[in-house]
Amino acid sequence: MATNGCEGRLKMIEELTTNAEQIQDEVLGEILSRNAGTEYLRGYLHGQTEKQLFKKNVPIVTYEDLKPYIDRIANGETSDILLAEPITGFFLSSRTSGGQPKLMPVTAEVANKWELFRGLYESPAIKHFGDINQAGKRLELMFGRPEIETPSGLKAASVSTSIYNECNFRTILSKLYTSPIETIFCPDPNQGLYCQLLFGLIQRDEVVKVGSVFASTVLRGIKFVENHWQELCYDIKTGQLTDWITDSGCRNAASLVMKPNPEQADLIETICNCKSWEGIIRKLWPKARYIGCICTGIMRQYTTELEFYSRGLPLVSDLYACSEAICGINLEPLHKPCDVSYTFLPNMAYFEFLPVKNEGDGSIEMKSNNEDTELVDLVNVKAGQCYELVVTTCAGLYRYKVGDVLMVSGFYNNAPQFQFVERKNVILSVDQEKTSETDLFKAVTEAKALLDPLGFILTEYTSYVDTSSAPGHYVLFWEIKGKEGKHCKELDPKIMSLHYTYKIYRKRNIIAALEIRVVKQGCFEALMDYYVSKGTSLSQYKKPSCIKSEEALKILDSRVIGKYFSPKPSL
Ligand code: AMP
């Protein structure tokens, strides 16, 4: 079924994975020869470009180490302090540093790599499902944000927004996608979502792929249809857009295509009116061949529900990438989300791997200090072993720890394949927001200070993400002592305030209300006893900041004496 373009790309994947070692050496050689003279690398390499010297002298870093350089560039200094190629802008990562999104330098080469990658990662799916570009359109839920301008005048946007802003993307949009650009960039995501679903339903007979970047967004879309189908059908029947869509871009886009279509509206109404919504995606978009969205990592929690709505339509996680670097593609689109592996593409960056070990309650511990640990090259990783990903890119990241933990599941030709294990240091995450142990610690410390004058002492806490109902929410277990007979019934959950990204997601109802479960005195001792009974040495016991074990959760839940839900935060 593969088309010529697709065949060429599949051949390219064969070549890249076969020659992984040589390509990795070339990628590093090129990066070093271009950038050895930058202020950053000069300090470590003194103008030399040998791989051995790079491995010996260049430190393994995090964003905080590179931030001073990146900030200097964002504030107007020339970018050659960090990289030789001129910077064209920044990617905004969904992760934050000091409450601000991380900025990743972007160059023309980065843009070319993304362009190439877009062709590559879809080719395994095209091989299996046929050329969706020729067969019809994609109903892809997409949400762009306005670009931010740095003091130097450089633009910063998320990877997806940058793609939606590209000329190439805009040229193919109306041919390949059901969503007009105005709905993608609608400032109100709910209005944008309504319109994207409306356009997707109007063109339902043409839709060959339903998707979004992440599984949570697809699910959110389906739930939105569940709540709004009557209104959507009315709009389709009358050819008029509902009044609450006030965005002029969306209204203009709608006025160009909407005309009364009572037959289509009746068909959709009959489908939506049925008792069970099992398989609804298939019914609403009968020509859809698959659902494309990332279903691995933190997104795994959404797959069961998505499988219910899609019933039989494969869920395909095409790619693994981040703002820092493009990493891998899924060569087996028919694999179940839990079995998905990403084959690394050796031309995208220079990849190294820091061995980590997985302990008990999902906690990850470094084998030894970074400084003493030998980083492993891409082709030398061992099957079954977990590693933290470290990248060196053409855009000024040198031995940069991405913070993702991956497990080697096998090899394709000479390139390793990885399963995504988890984010390192992220303990709470419902959607794309990430709350680290430090974020939680900070928020609880602030809450403690507010509780104290109210007569409460917060003595113990831990956390958990409850996804038993959608959207998921954060649960905090608190052990509290009331001063002078104070009772926790008087507790005001407003005192618990999380970081900015959390608040945005909470405000948009992507995360449900934060819940504080107050537990009986002694509860955390019982928790400790449990871990000790499982083999943890008492002197080395560290209370988990986030509970992942069912049994541990039961211990806490059986001692709950009060539950409190926080109101929506103001931003
Ligand atoms: P960002 O830098 O905001 O683009 O976020 C990138 C992060 O999303 C990665 O570092 C991963 O933690 C996560 N991510 C991206 N792709 C996948 C995937 N296929 N499976 C699991 N997590 C992913």
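The sulfur of C250 lies 3.9 Å from that of C186, the closest cysteine sulfur, which is too far for a bond. With a disulfide taken as a pair of cysteine sulfur atoms within 2.5 Å, the count comes to 0 disulfides. C250 is buried at 0% relative accessibility, and C523 is likewise buried, with a relative accessible area of 0% (buried being under 20% relative accessible area, with a 1.4 Å probe and protein chains only). The model is predicted, so that local features need pLDDT of at least 70 and side-chain atom pairs count only at pLDDT 80 or more, while totals for chains, interfaces and linings use all residues. Residues are numbered from 1 along each chain as its sequence is written, and side-chain values use heavy atoms, with hydrogens and water left out.

In helix α5 (residues 63–74), a DSSP run of H or I with at least four residues, numbered from the N terminus, the residues Y63, L66, Y69, I70, I73 and A74 are buried. These residues cover an arc of only 140 degrees around the axis, which puts them on the same side of α5, the arc being that of the directions from the helix axis to the C-beta atoms.

Note on methods. Helix = DSSP H or I, 4+ residues; strand = E, 2+ residues; numbered from the N terminus. Expected span 1.5 Å × (residues − 1). Buried < 20%, exposed > 50% of the residue type's maximum accessible area, 1.4 Å probe, protein only.
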